[in-house]
Amino acid sequence: MKIDLSARAYTVPTDFPEADGTLAWTSTTIVIVRAGADGVDGLGWTYGPAATASVVMEMLAPVVADLDPGDVPAAWSAMARGIRNAGRPGIAGLALSAADNALWDLKARRCELPLARLLGAARGAVPVYGSGGFTSYDAERQHRQLAHWAHELGIPRVKIKIGESWGRREDRDLERMTAARRTIGDGTELFVDANGAYQRKQAVRLARRAADLDVRWFEEPVSSDDLRGLGLVRDLVPADVAAGEYGYDLVYFERMAPYVDCLQVDVTRCGGISEFLRAAAVAAAHGLQVSGHCAPHQHLAVAAAVPNLRHLEWFHDHARIESMLFEGTASPEGGEVPIDRATPGNGLTLKEEDAARWRTA
Ligand SMILES: [Mg+2]
């Protein structure tokens, strides 16, 4: 029996220009890996450059071809060894993650088990938070998005982007945070994400100016590379300080854990489901919970499997793309997504015909 790995890339325009504190974009590329064995296909994906698909085809497919599809750890190890000289963080790490996710999905489908049941669930439903509130939105668009999550869907926590223009628009950040609180009322938690835009004391001053807004989550107040800065802000503001979305290997999380209140882990970057489980164990050893970063449907099963999960980011851009490309996507209504206990694998099917128009590699 052979494992057949292949990959394709699809570039989908956003529904409105999107921007955070340190980046702006008008399209998003999803790289979907198919892992086949014995006439059964598993699906995994990541968000990144189309070149990720080439790494899957050229560097990963050959090293897993002759392995047993049931032995995901053996395949993971072979792939991680195979990309040594390419460098784990970045495109090679994205490829590894998507391939590992596809192999877990393949195994679940071959066992005719929902992926959450193959991994073993720690909970019956995954808590989520609505994530968007881009700095490129005007007041009306932000209001509509947050009101939809908080009031129409009943999601009890929502996040907006701040740190506009590398932290040079503090007054507008505060206006948008104030408007967000006005939209969601007192019954919904307000999260903010600066994407590393502020300097250390600037982040602390901003948090103090926003004291009456009761912000519960302050993500990447400073660069994720400034670990001591993260620790300083964490010690001086009431909100939980979180980071970790750029973590490509276990050592990254081990280094960051002492400086944050919650570790973010992205299953499409960290090394897939295999490494997500280990990253959550690292967090637990530091007394921390983890939060799943973006790619919501790729996280659901592993988020259900991790005992120390806090929540999962229901990111507007990715949730939209996943519902455009996949059949069987979930709704975040009520603020938690029940675990699918019936459909084999991750429960999703690629809508080949709909996807074809976006294909770029
Ligand atoms: Mg973030």
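The following legends describe close-up views of a predicted model.

Local features in this predicted model require pLDDT of at least 70 and side-chain atom pairs count only at pLDDT 80 or more, whereas totals for chains, interfaces and linings use all residues. Residues are numbered from 1 along each chain as its sequence is written.

**View 1. The two domains.** The domain assignment, taken from an automatic or database source, gives domain 1 (4–113) and domain 2 (117–349). Their C-alpha centres lie 22 Å apart.

**View 2. The side of domain 1 that touches domain 2.** In domain 1, 40 residues are in contact (C-beta atoms, placed from the backbone, within 7 Å) with 39 residues of domain 2. Elements that each supply at least two residues of this side include β1 (4–19), β2 (24–37) and α3 (91–110); helices (H or I, at least four residues) and strands (E, at least two) are DSSP runs, numbered from the N terminus. The largest share, 12 residues, comes from α3.

**View 3. The open sheet.** Three strands form an open sheet in the order β1-β2-β3, with antiparallel pairing; two strands pair if DSSP finds at least two bridges between them. The edge strands, β1 and β3, each pair on one side only. From one strand to the next, the twist averages 20 degrees, with axes fitted to C-alpha atoms (for helices, over the stretch in contact) and angles running from 0 to 180 degrees between N-to-C directions.

View 4. β2 and β3 pair in the antiparallel sense over 8 bridges. The bridge partner of alanine 37 is valine 40 in β3. Helix α1 (residues 51–64) packs on the sheet and touches β1, β2 and β3; the direction of α1 makes about 155 degrees with that of β1.

Definitions and conventions:
Two residues are in contact if their C-beta atoms, placed from the backbone, lie within 7 Å.
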